[in-house]
Amino acid sequence: MVNVAGRSRGCATCRKRRVKCDQSLPECLRCLNMGLQCPGARTDAFFVHTVIPNTSLRDSSAALITIKTKSPRSNVINLSPLPGPQPSRAAAFDQLFVSHFIDFFFGPVKPSSPMPGGTSRTWLHELPSFLASPYLSPVQCSIRAASMLSYGTAVGDVSIKTEACRWYMRALQGLRFLLSHEYSSSPEGAVCAAVMLIHFETSAGTSPKAWQKHVKGAASLLEAQGPERCRSGFMHQIFSHLRLQTFVAAMAENELHPFASPEWTTTPFEIHHKLIFDKLVDILFAVQRCLSVANRLIAPQVGDARQLTTELGILIQDARFQIQQWRSECMFYASQKGEQGDQEKSVLTAEGDATTSLDTHDFMLPFTDVPTAALISLYDAANVIVLRLMHLVSPTAASYDARVRQHTQSILSAHDIISATSGSMAARGSTMMVQQLKIAALWSSSSQQRAVAVSILEGYQKGGFAGISAPSSEYFADVAAHILLNYSVE
């Protein structure tokens, strides 16, 4: 009989011990708590050898798998032998979930060869080694939580997503216990656990801005290790990945993050030189330094306004120089054959003195695919803020407002390209666009563009980014409002 009522679907270990199994996957919680090997709950059909009565079967479609042989004397039904003890399926489930998580993370841009100035190996490739440990740890629980949620969401399986939430709670409890004690034995595992919890929360959104708390926790763990510890290996890989997230979290709280300091923007890259993306994050931190000073400058009772204005002017010049340098180095990965000519023209303009150009298009960078659109929109967002901040230090700042509108339109166009794309990369690209749209909604010199960005953000108010996409005082909104009020161009 198949799946007979009353037959336990619990794991073999619990059935042998005659205890109730919670049937968790890939291993049940009872076995994990007892430190026992668990093959996992039975998820497939199983068969019970019974004597079949002469009466007709109620369901002729439910039949035993048999091997029927003929002999000269009689008909004999030989049942296939029952399988012996099976190895744990936890590793197979983990491999499935983690492989999907990595594929979803990279999408079509998964690195297959060493990148210029870097390596094809990332922190994601270390996840299987963390799972291989025979001892259950917070990092294992967090990897399972995030990867199972990603897989369960993709296939629409509520049971897998529910199981992911159970692993998330176990990861939280384990990480809290770990951080309350000396954890010098494995800082890599603690940081990885915190980062995987970030990815869980950006999708699940179990509580408002929970992802920000995990970003703070992961960053604090890296800060405790120091920038020298992040120069190579897994710690360098995870630091490079975390930097953009720390920028976003700090912008959401109108703060200047420690990673924006000179020691954190230089020392971790002494062995592995910065990639084009790393340099873009440097620009974002340079913009954040400008915003921090501007926030002090507009305070009601500021005593050193002249000094702060001078400091802000220097920081703006530095940020603009980095932006121009990045633009001249920027490399595009064209998805269409005819795009190469436009790219070469853009690079040639950048290599000249672009600051003397009267055409606002000379400062724009083209894009036609999701990864490039998300990347270039960060460049556009940095330009929008820096050029708007020029009003606080330069009497000719109004001449840049046309460029501000052009960069804002580029952000909106990037969103259009991503929203018109189907598949997992589109979903990931939409998540990556939240911060750029937030900047457009607060900092554009065009009221129409601000309204469009706000309208788009209203549709983003779900999952882990609900808090950041809602209207608020984030992203140094007070500074943006001050400039709009005192330097109106409409």
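**Aromatic pairs and helix packing in the predicted model**

Ten aromatic pairs are counted when rings of Phe, Tyr and Trp (for Trp, the six-membered ring) are taken to pair if their centres lie within 6.5 Å, with planes under 30 degrees apart called stacked, over 60 edge-to-face and the rest tilted. The structure is a predicted model, in which local features need pLDDT of at least 70 and side-chain atom pairs count only at pLDDT 80 or more, while totals for chains, interfaces and linings use all residues. Residues are numbered from 1 along each chain as its sequence is written, and side-chain values use heavy atoms, with hydrogens and water left out.

The ring centres of F239 and W264 are 5.4 Å apart and the planes stand at 35°, so this pair is tilted. Because F239 belongs to helix α9 (residues 233-252) and W264 to helix α10 (residues 262-266), the pair ties together parts that are 25 residues apart in sequence. Helices here are DSSP runs of H or I with at least four residues, numbered from the N terminus. F239 is buried, at a relative accessible area of 0%, and W264 is also buried, at 4%; buried means under 20% relative accessible area, exposed over 50% and partly exposed in between, for a 1.4 Å probe and protein chains only. F259 and W264 have ring centres 4.8 Å apart and planes at 45°, so they too form a tilted pair. Both of these residues are buried. One aromatic cluster is formed by F239, F259, W264 and F269.

Charged side chains also lie over rings, a relation that requires NZ of Lys or CZ of Arg within 6 Å of the ring centre and within 35 degrees of the ring normal. R144 is placed over the face of W167, 4.8 Å from the ring centre, and the charged end of R403 lies over the ring of F363, at 3.6 Å from its centre.

Two helix pairings were examined with axes fitted as lines to C-alpha atoms over the stretch in contact, the angles running from 0 to 180 degrees between N-to-C directions. The axes of α15 (residues 401-419) and α18 (residues 447-458) come within 11 Å and cross at roughly 25°. These helices are therefore roughly parallel, a term for angles under 35 degrees, whereas those over 145 are roughly antiparallel, 65 to 115 roughly perpendicular and the rest oblique. Residues in contact (heavy atoms within 4.5 Å) include R405 and L412 of α15 and V452 and I456 of α18. The axes of α14 (residues 370-389) and α17 (residues 434-443) come within 9 Å, crossing at roughly 25°, which makes α14 roughly parallel to α17.

Notes:
Helix = DSSP H or I, 4+ residues; strand = E, 2+ residues; numbered from the N terminus.
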